[in-house]
Amino acid sequence: MIVHWHRRDLRPSDNRGLARAAASDEPVVPLFVLDPTVLEHASSVRVACLLEALGALRKWYRDQGSDLVVGRGEASRVVPEQAGVYDADTVVWNADYSGLARDRDRAVRDALETDGIDSESVHDAIHHEPGSITPNQGEHYSVFSYFWKKWRDRDKRAPVEEPAATDLAAVSGEPIPSLADLGFDEPEATPPTVTTAAARERVADFCSGPIYRYADQREYPAASGTSRLSPHLKWGTIGPRELYAATERATARAESEDARESVRSFQRQLAWREFYAHVLRYNPETVAENFNGYENEIEWRDDPEELAAWQAGETGYPIVDAGMRQLHAEGWMHNRVRMLVAAFLTKDLLVDWRAGYDWFRRKLADHDTANDVGGWQWAASTGTDAQPYFRVFNPMKQGREYDPDAEYVREYVPELADASADDIHGWHDLEPAERERIAPDYPAPIVDHADRRERAIDTFERARGEASE
Ligand SMILES: Cc1cc2nc3c(=O)[nH]c(=O)nc-3n(C[C@H](O)[C@H](O)[C@H](O)COP(=O)(O)OP(=O)(O)OC[C@H]3O[C@@H](n4cnc5c(N)ncnc54)[C@H](O)[C@@H]3O)c2cc1C
């Protein structure tokens with residue numbers, strides 16, 4: 001027998017590791033391990049997505065006359081144990097590039113070796129694995145536009161077929177534990193449906209029309225113009241090659257140059273995901289440390305009340321609050337608004353990006369270490385290719401530009417449901433009595449953006465060793 005150990009590749013098709021196992025002469029035993037070290041870093045909304053994806057994957061295996069074996073415990077114990085139960089001589093898995101995952105995989109490989117079992121790690125999660133797109137010097141690009149040019153021009157592999165029923169071992173697994181069995185409460189957010197069927201439906205819908213408007217609409221949170229595939233890419237319920245092939249078919253069907261360009265702009269976002277995977281692979285410490293250091297420490301402020309107001313969506317800056325409440329309700333937030341709320345926390349409130357990252361990690365259904373750290377360090381002006389420290393987003397202007405009719409704000413901030421777009425985006429400038437009249441239950445701004453902008457710039461200049469005091 002040969003074991004395929006599923007981790008963030010919860011799909012049978014376009015799965016290179018699984019296809020590699022199926023191509024051997026041995027029947028494949030599909031395995032998943034609920035590892036307490038990994039679950040320690042998870043949150044209920046993500047575990048709910050995981051359990052749903054596992055349920056759908058198990059059903060697929062059962063329909064083929066096989067089953068998904070689900071083990072519980074440290075992977076370095078459970079994987080060799082299960083390989084022993086099925087008398088497997090090899091365990092195959094798809095590479096995961098985060099530091100924690102690589103430490104785990106090293107421990108599993110060592111334990112298997114001790115038992116005389118081979119292991120094989122296959123590149124699957126992204127098109128071009130770390131180390132394959134590099135600058136003249138160094139291990140990875142730090143500027144996205146250079147990475148993108150090479151990524152765009154490289155040939156992409158075609159999707160791989162799912163294994164045939166005859167490739168799979170006739171095994172039967174134990175029931176999959178529930179959220180409560182794993183010690184998690186029901187999530188506060190409604191989790192998205194994370195299964196391969198749901199992912200394919202989303203890809204088909206998106207590529208049949210919205211992808212051609214993506215370039216124009218992706219920045220407007222009320223437009224719902226993005227794919228919302230991030231939870232699927234996080235859990236691997238869709239493969240990167242299958243998704244890319246669908247975008248290429250959309251290009252072939254495009255009826256104008258603008259439509260083709262729009263598909264390209266979506267592919268460019270897919271490349272950001274791969275860029276950050278490369279960055280994290282070579283800089284695993286950046287989950288906790290600034291990618292770009294400054295000469296001096298950044299003097300972050302620790303103000304629990306301001307942090308709590310940001311977390312609760314009670315800052316009195318409507319677009320920021322709408323984003324934080326969307327996160328709470330859906331476990332997802334629009335990218336433009338992620339950038340805004342992260343900038344507000346790290347610049348207006350001068351709270352360390354790590355506190356924001358921790359909150360996102362708890363709340364996001366699509367939390368992906370590479371993308372989340374990348375996004376936070378971008379906003380905090382500490383990352384690769386980051387927002388320059390002196391370009392501080394103005395939340396009122398951003399609100400007016402990207403949510404001109406305040407539809408997004410009204411959807412998530414019911415206290416402002418009857419307010420005009422002018423009053424919403426000018427909330428900061430209204431007299432207290434006006435605010436009281438328009439929306440008595442919505443807070444006044446907790447800080448003055450203009451003052452806080454100055455303070456943020458001074459703080460970063462001190463960190464750069466440039467300010468007078
Ligand atoms: C502070 C901050 C934190 C973030 N945390 C995460 C996270 O934990 N997980 C996550 O997947 N994305 C994260 N992002 C990136 C981005 O916001 C989401 O990928 C996007 O909003 C997901 O929605 P979508 O699938 O509709 O995106 P689409 O616009 O449809 O894009 C398609 C896919 O491309 C990838 N992508 C798009 N934009 C980015 C980007 N800027 N960086 C990396 N990949 C991108 C994602 O895989 C996404 O699903 C973060 C961004 C910021 C600013």
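Residues are numbered from 1 along each chain as its sequence is written. Because the model is predicted, local features need pLDDT of at least 70 and side-chain atom pairs count only at pLDDT 80 or more, while totals for chains, interfaces and linings use all residues.

The domain assignment divides the chain into domain 1 (2-125), domain 2 (196-282) and domain 3 (304-463). Such bounds come from an automatic or database domain assignment. The C-alpha centres of domain 1 and domain 2 are 27 Å apart. Their contact takes 14 residues from domain 1 and 14 residues from domain 2. Two residues are in contact if their C-beta atoms, placed from the backbone, lie within 7 Å. On the side of domain 1 that touches domain 2 there are seven nonpolar, three polar and four charged residues. Ala, Val, Leu, Ile, Met, Phe, Trp, Tyr, Cys and Pro count as nonpolar, Asp, Glu, Lys and Arg as charged, and the others, Gly among them, as polar.

Helix α11 (257-282) takes part in two of the helix pairs described here. Helices (H or I, at least four residues) are DSSP runs, numbered from the N terminus. The axis of helix α10 (residues 240-253) comes within 9 Å of that of α11, and the two cross at roughly 165°. Axes are lines fitted to C-alpha atoms, for helices over the stretch in contact, and angles run from 0 to 180 degrees between N-to-C directions. The pair α10 and α11 is therefore roughly antiparallel. Angles under 35 degrees count as roughly parallel, over 145 as roughly antiparallel, 65 to 115 as roughly perpendicular and the rest as oblique. The crossing of α10 with α11 is left-handed. A crossing is left-handed if the near helix is turned anticlockwise from the far one by less than a right angle, and right-handed if clockwise. From α10, Tyr244, Thr247, Ala250 and Thr251 meet Arg260, Val263, Phe266, Gln267 and Leu270 of α11. Five residues of this contact are nonpolar, three polar and one charged.

Helix α6 (residues 144-153) also meets α11: their axes come within 10 Å and cross at roughly 110°. These two helices are therefore roughly perpendicular. The crossing of α6 and α11 is right-handed. On α6, the contact is made by Phe144, Phe147, Trp148, Trp151 and Arg152; on α11, by Arg268, Ala271, Trp272, Glu274 and Phe275. This contact of α6 with α11 has seven nonpolar, no polar and three charged residues.

Arg338, Met339, Ala342, Ala343 and Thr346 of α14 meet Gly375, Trp376 and Ala379 of α16. The contact of α14 with α16 holds five nonpolar, two polar and one charged residues.

The ligand is surrounded by 28 residues. A residue is near a molecule if its C-beta atom, placed from the backbone, lies within 6 Å of it. The closest are Thr226, Ser227, Ser230, Asp372 and Gly375. Helices α9 (230-235), α11, α14 and α16 each supply at least two residues of the shell. Helix α16 gives the most, with six residues. Domain 2 and domain 3 each provide at least three residues of the shell. By class, the shell has 11 nonpolar, nine polar and eight charged residues.
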